[in-house]
Amino acid sequence: FKKSEGDYIILSGKKIFCNSKGETIKFKSLSFVKKILQELKFIKTIKEFNSNNIIRLLIFSDEIKKSTVFNEISNYLETDTLIYRANMGTELETSQKESWDPLVNYVKKKYMMDFIIQYGVMPVAQNEKNNKILISLLLKLSKKELTVFYFLTKITNSVIIVLNLLEGAM
């Protein structure tokens, strides 16, 4: 790696690490660059390089088209795992309420997002205001932060969980 114009870039031999468009990928954090270099030490072939999740995440975050990702993330507001519950009065529903209500309530209090809890699997339309609030939050994120938000949302199927995680409320 080397420092260039206040940022860090990764070199492979004398070749600069670039995205698929040939643009140099720049990093602000030296410690982050060192972690990437550690990961790269274990990659022996092009196939391993292309299938490495860390590398794919970095390239995705550099090429991200924010509006597309905003739409993908906001789609989860209607289907968020934490707003769908088992039938009322069941042991599972009680457990879901104990575990999930604090997370839903945190997002409601912190971000003024109101969610309708649905008992069963049929989708229910959520408050449109939630989408506007979410988009305004996402607009404040860097490409790399947005990438993390996106992948955490895909993994958890929950914007509510991700907002709690990012705020350190979990």
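This is a predicted model: local features need pLDDT of at least 70, side-chain atom pairs count only at pLDDT 80 or more; totals for chains, interfaces and linings use all residues.
**Salt bridges**

Side chains of opposite charge can pair when their charged atoms come close.

| Salt bridge | N to O distance |
|---|---|
| Asp-101 and Arg-85 | 2.9 Å |
| Asp-101 and Lys-97 | 4.0 Å |
| Lys-108 and Asp-114 | 3.4 Å |

The side chains of Asp-101 and Arg-85 meet at 2.9 Å. This pair connects distant parts of the chain, with Asp-101 in helix α6 (residues 91–111) and Arg-85 in strand β5 (residues 84–85), 16 residues apart. Asp-101 and Arg-85 are both buried.

Asp-101 also forms a salt bridge with Lys-97, at 4.0 Å. Asp-101 and Lys-97 are four residues apart in helix α6, so about one helical turn separates them. Lys-97 has a relative accessibility of 44% and therefore counts as partly exposed, whereas Asp-101 is buried.

The remaining entry in the table joins Lys-108 to Asp-114, whose closest N and O atoms are 3.4 Å apart. Lys-108 is partly exposed, at 42% relative accessibility. Asp-114 is likewise partly exposed, with a relative accessible area of 33%. Through shared partners, salt bridges bring Arg-85, Lys-97 and Asp-101 together in one network.

**Helices α8 and α9**

Two packed helices are described by the angle between their axes and the distance between the axes. For helix α8 (residues 143–156) and helix α9, the axes come within 8 Å and cross at roughly 130°. With that angle, α8 is oblique to α9. The crossing of these two helices is right-handed. Helix α9 spans residues 159–166.

**A nonpolar surface patch**

Three residues, Val-148, Leu-165 and Leu-166, make up a nonpolar patch on the surface. Together these residues have about 240 Å² of accessible area. Leu-165 belongs to helix α9. How accessible is Leu-165? Its relative accessible area is 40%, so Leu-165 is classed as partly exposed; the class covers values between the buried limit of 20% and the exposed limit of 50%.

Methods:
Residues are numbered from 1 along each chain as its sequence is written. Side-chain values use heavy atoms; hydrogens and water are left out. Patches are made of residues with over 30% relative accessible area and no salt bridge: like charges are joined within 9 Å, nonpolar side chains (Val, Leu, Ile, Met, Phe, Trp, Tyr) within 5 Å. Accessible areas come from the Shrake-Rupley method with a 1.4 Å probe; for residues, only the protein chains shown count as cover. Buried means under 20% relative accessible area, exposed over 50%, partly exposed in between (1.4 Å probe, protein chains only). Axes are lines fitted to C-alpha atoms, for helices over the stretch in contact, and angles run from 0 to 180 degrees between N-to-C directions. Angles under 35 degrees count as roughly parallel, over 145 as roughly antiparallel, 65 to 115 as roughly perpendicular and the rest as oblique. A crossing is left-handed if the near helix is turned anticlockwise from the far one by less than a right angle, and right-handed if clockwise.
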